[in-house]
Amino acid sequence: MKSLCLILVVLLALSGSFGVDRNNFKSCDQSGFCKRLRAFKPERSQYVADFSTQMLHDNMFFLDVNMVDLESEKRTVLFRYVLKVSGLVDNTFRVEMEEVNPLYPRYITLLALKDSPIGDNLKVISKKDGKLTLANTKGHRVVITADPLKIEFLDKNGEVAVVFNENSLMHVEPLVTKQERTDENGEIIPEEEGTWGENFKSHHDSKPRGNEAISLDIGFPDADHVYGIPEHTDKLALATTTSGEPYRLYNLDVFEYELDSRMAIYGAVPVLYAHGLKRTVGVFWHNSAETWVDVANIADGTVVSSLVNLVTGGQKRRVDTRFMSESGLIDVFIFMGDSPSDVFRQYTRLTGAAPIPPKFSLAYHQCRWNYVDEADVRGVDDNFDTHDIPADVIWLDIEYTDRKKYFTWDVEKFPHPAQMVANLTAKGRKLVVIIDPHIKREAGYFLHEDATEKGYYVKDKDGKDYEGWCWPGSSSYLDFFNPEATRYYSERYKFENFPGTNKDVHIWNDMNEPSVFNGPEITMPKDCRHWKEPQEGVEGIASYWEHRHIHNEYGLWNIRATHQGMLDRSDKKYRPFILTRSAFAGTQRYAAVWTGDNAAEWGFLAASVPMCLSLGIAGISFCGSDVGGFFKYPEAELMTRWYQAGAFQPFFRAHSHIETKRREPWLYEPATTALIRDANRRRYALIDFWYTLFYEHSRDGLPVMRPLFQEFPKEEATFTIDDQYLLGDKLLVRPVVTAAATSVQVYFPGGDTNTLWYDVDSYQPRVANGYANIDVNIAKIPVYQRGGSIIPRKERVRRSSQLMADDPYTLVVTLDANNTATGSLYIDDGETYEYKKKKYIYAKFSYTTEEMTYTFVNDKATYPTLSWVERIVIAGIKVPPKTAKLHQGDKQVALQMTLHRGNDVLVVRKPAATMAQPWKITFSY
Ligand SMILES: *[C@@H]1O[C@H](CO)[C@@H](O)[C@H](O)[C@H]1NC(C)=O
Ligand SMILES: *[C@@H]1O[C@H](CO)[C@@H](O)[C@H](O)[C@H]1NC(C)=O
C-alpha cells in the first residue's frame, strides 16, 4: 500500500500530465455528513424555542430549544438543547447551541480565539407574539422567533442584516450510544448506513461516536456578495454552489491542486462576510472539524427553495449560505459591521492580528527544494551580491537533515551549519530551515525514542501510536494536545538542542495539515486519538478527542508550539518568523502562510492575488505564493511577471521543486536578471512602507493587502474585482498576470470623490474614472499611489534590509484635489520586543500648501534612528512655493527645491532632518 502510493506519485510526476487526482479527495457525496445534511431539507424546522426558560445574565442570554416531533399530536420533545446568545464588544454577537446533558462533551475549538471575548451588556426589550427581542448597547437587536426557531440580527436601522434558520436547515445530530434503538412497538430502528463507520477508497473510518454533525443556514438580506472561507483557488467573491460542490474546508495536502476550484486545500478559515450597498456583516463559524459551505446568491438567478423566494419577496439582493460541519457545536460569531473595515476588524479582534514581524521577513526570500550543501548555499548567497540583487533569506528544505530527521543536519553536506549561518548574517542575511511535524520512526533517533517512551504521539483508533507514511518513510505525529509533548517539542528549538542554529535561523513548518501520504485523502484518519485532560471516572470515547474534531486546527497547534520554542530559545528577546502551510483561524498570531505547491503557469500567478486577498480578509495578511511556481519551470516572461507581482505581495519568496531546472535570478538572460533585480529593488525601496503597514495591522487588525471594496464600499464595480488590490489605503497594484501583455485594464476607484492616482514611475496623475487601458511593456508594473498620501522610500539599495536600517528616506507626497496629503512611518530595531518598552517611533506625516510636518503619535515612545530625510518629492503641485524652510529643534534651514515634469513635481533637496525627532517644513509663496 505504502509503496504503491509512492509509485503512483512518482508515475504522476513522470507522466508530465499536470493536475490534481480528484479521486484522492472526497466530494460532498463521499463525505457521509455532507451527503446527509445536503439532502436534509425539511419543510418546517423541528426546532422550537421555549420562552418560559429564558434567563439573562450580564451579556448572556439563555433559552431552551426543543427539537420536536412535528408528526406527533403533542409535539413530543425528541431532544433538548440550550441556546446561548452573547452580546460582545465591537458590534459582535455570539450564538451557541448544544444539547442539554450531552452524552459527552462536544469539542470546542481551543486555539482560534486570542482571548476570551469581552461582553457587552444585553437586555430583553420585548417579548410578544412569539418573538423575543434582545438589544446590545449599540442599538443592534436580536429577534428570536419561537416556533419554529428563527434568529434575526438587526442593524441600527432596525433592518434584518443576518438571519439564522430561516430556511429550516438548522440541525444538531443528537449524540447517541451505540446500541439498538427500538420504536414504541419494540421494533428495532435500523441505523442509517454509515452511522457507525464509513469507507473511502481503501480506508475505513470507525466513527466510534456515530453521527454528530451540525448544520445551520445563515441568510444575508441585501447582500450582493459573500467573501472569505479561504483557502480555495477560485474568485474572491464566492460563487453560488447550488448546482455543484459546496466550498470545502478541510486542511489537505493536495498534490497539484487545481485552479478555480472549491476543493479544500491546505488551509481552512471559517469566516464569511456579506457585503452590499446597505451594509457589511460577517459570521465566524467557530469549528475545527471538516466543514462544507453552500452559497446561493439570488442575483445569480438561482432558485434555492420556494421558501427563500417567499422570504425575499422578489428582492434582488440576498445571499443565503449554509454551514455543515462533521462535529462540534453550533457556535457562531456575528459581526454587525457596518463597513468592510469594521467586519475585518471585528474578526481579528476575536482571533488576533499578526504581531509585528521581524523586518527581514518582509524582504526577499530565496528558497529551493533544495540548496544541496554548504557550497551551494554560499554560491547562491554570493551570487545575489555578484548580480547586485538584494536578498534577506536563504531557505533549506527537507534535504538538509540527516535523512528527514528534524532537528538534525546531514553532516556530510552541512558539516558547519554555525559557520554557514555566520557567513549569511555577516551580510545581514538569515537562514530558514524546515521542521515538519511527522517524526521518523527510526531506532536511535532521539525524538522518536523520547516521543515513543513518553507517549507524545497521536494515537490510532485502538490507542497505539499512529503510524503513517511521509517524507522519512514510516512516521508518527506529535500530539500537540498533550501539553507535555508541546513543551518537549518547543524545547527542541533551544540553541543547545538544535546545534548550528541561533537567533538568525527561523522556521518553516510544512506538511502540517497534517500530510500523511498513505492516509485517507493524504491526511490523518479521523478516528485517530488526541490527548485530553484526564478526568476522574471518565474513560472510553469521552477520554480523548478524535482527529475529526480538531483536524483543521492541527497545524495551528504545531506552529503555536514552534512559536513558543522560538520565543524561549532567546529568552523572549527576538521575534520569531515562522512559515506554515496549514492554516486555521488564529494562525496569523504565529506565522505567515503561503499558498503551497503551485505551478509555473500563468493561471497560478493570477490566482495568487485572490487567494491572498481571501486569506487577508480572514486575518492572515502575511501571505504569498511561491514566486516562479513550485512545479514546472517558468520561462523568462512568466518569471519576470511573477517577481514583479511578488514584490508587491506581503510574503515574497521564490521556491521550486527538486526536479525542476535551477532558476535563481542570474540563471536567466541578463535582460531578465535585470528585470528581476528591478522588481526586488522596488520591494526594498518600500521596505519601511511594508513594515509600517504591518505595524498598523498589528494595531488595527485590518488587512495589509486589501480588496478594493474595503476602501470603496459604495462603489459597486469594486465588489468583484480581485485581480488588483490596495496595499494599506495608499498603493493600488494591478500585477500583469498574462503572457505577452501589451496593455492591462486597471480600475481606478474613487471617481465620485475625485480621487487621484499617480503612476509611481512617472508621477503622472489620473483622475479616478473606473476602468482604463494601461500600456505595459515587460518592465512595467502598474502601481499607483493614491492622491493624498505620503509614502516613505529608501532608495540606496543594499544587499539586505538590515544593511539599510540607517539609510535616509525619500518621502513621496502625492497630492489630492485639495493639495493635501498624509502618511505614516514606523521605525524600531526590526527584530526584538523592545518596542513594547516604547522603543519605537510611530510618526505621522502631513502636507498642506503651507507646511509639511513629521510628528510622533506617541510622544513617550522613541527610537534613536540614524535615518534622515534626503529628499521629498511632491507630485501634483499646482502653484510651486518660492521658499521652503526646515524647522527642527532650534534649527531653521532654508531648503533648495527644483521643479520637474510639467512643473507639477517639486523636489525638496536634502532637508537632512533627522527622523529621530519631529520636524516641520514651511513653504511660502
Ligand atoms: C564562510 O565564509 C568563509 C569565507 O568566505 C569561507 O571560507 C567558508 O567556507 C564559509 N563557510 C561556510 C560553511 O559556508
Ligand atoms: C477636499 O476638502 C473638502 C472640504 O474639506 C472635502 O469635503 C473633500 O472631501 C476633500 N476632497 C478630497 C479629494 O480630499
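Colleague: Is W409 buried or exposed?

Modeller: This is a predicted model. Buried means under 20% relative accessible area. W409 comes out at 9% relative accessibility, so W409 counts as buried.

Colleague: Which type of pair do the rings of Y400 and W409 form?

Modeller: Take the distance of the centres and the angle of the planes. The ring centres of Y400 and W409 are 5.1 Å apart. Planes over 60 degrees apart count as edge-to-face. Here the planes stand at 65°, so the pair is edge-to-face.

Colleague: How many residues apart in sequence are the parts that Y273 and F344 tie together?

Modeller: The structure holds 63 aromatic pairs. In one of them, the rings of Y273 and F344 have centres 4.9 Å apart and planes at 80°. Y273 belongs to strand β18 and F344 to helix α4, so the pair ties together parts whose separation in sequence is 71 residues.

Colleague: Which ring does the charged end of R683 sit over?

Modeller: A charge over a ring needs CZ of Arg within 6 Å of the ring centre. The charged end of R683 is 4.1 Å from the centre. The ring is that of W690.

Colleague: What share of its area does the protein bury on ligand 2?

Modeller: T753, D816 and N818 surround ligand 2. One oxygen atom of ligand 2 is 3.4 Å from an N or O atom in the D816 side chain. Taken alone, ligand 2 exposes 360 Å², and the share buried by the protein is 34%.

Notes. Residues numbered from 1 in each chain as written. Chains lettered and ligands numbered in written order. Predicted model: local features only at pLDDT ≥ 70, side-chain atom pairs only at ≥ 80, totals over all residues. Heavy atoms only, no water. Near = heavy atom within 4 Å. Polar contact = N/O pair within 3.5 Å; in protein donor to acceptor, adjacent residues only side chain to side chain. Areas by Shrake-Rupley, 256 points an atom, 1.4 Å probe, with all protein chains shown as cover. Phe/Tyr/Trp six-rings, centres within 6.5 Å; stacked < 30°, edge-to-face > 60°. Helix = DSSP H or I, 4+ residues; strand = E, 2+ residues; numbered from the N terminus. Buried < 20%, exposed > 50% of the residue type's maximum accessible area, 1.4 Å probe, protein only. Lys NZ or Arg CZ within 6 Å of the ring centre and 35° of its normal.
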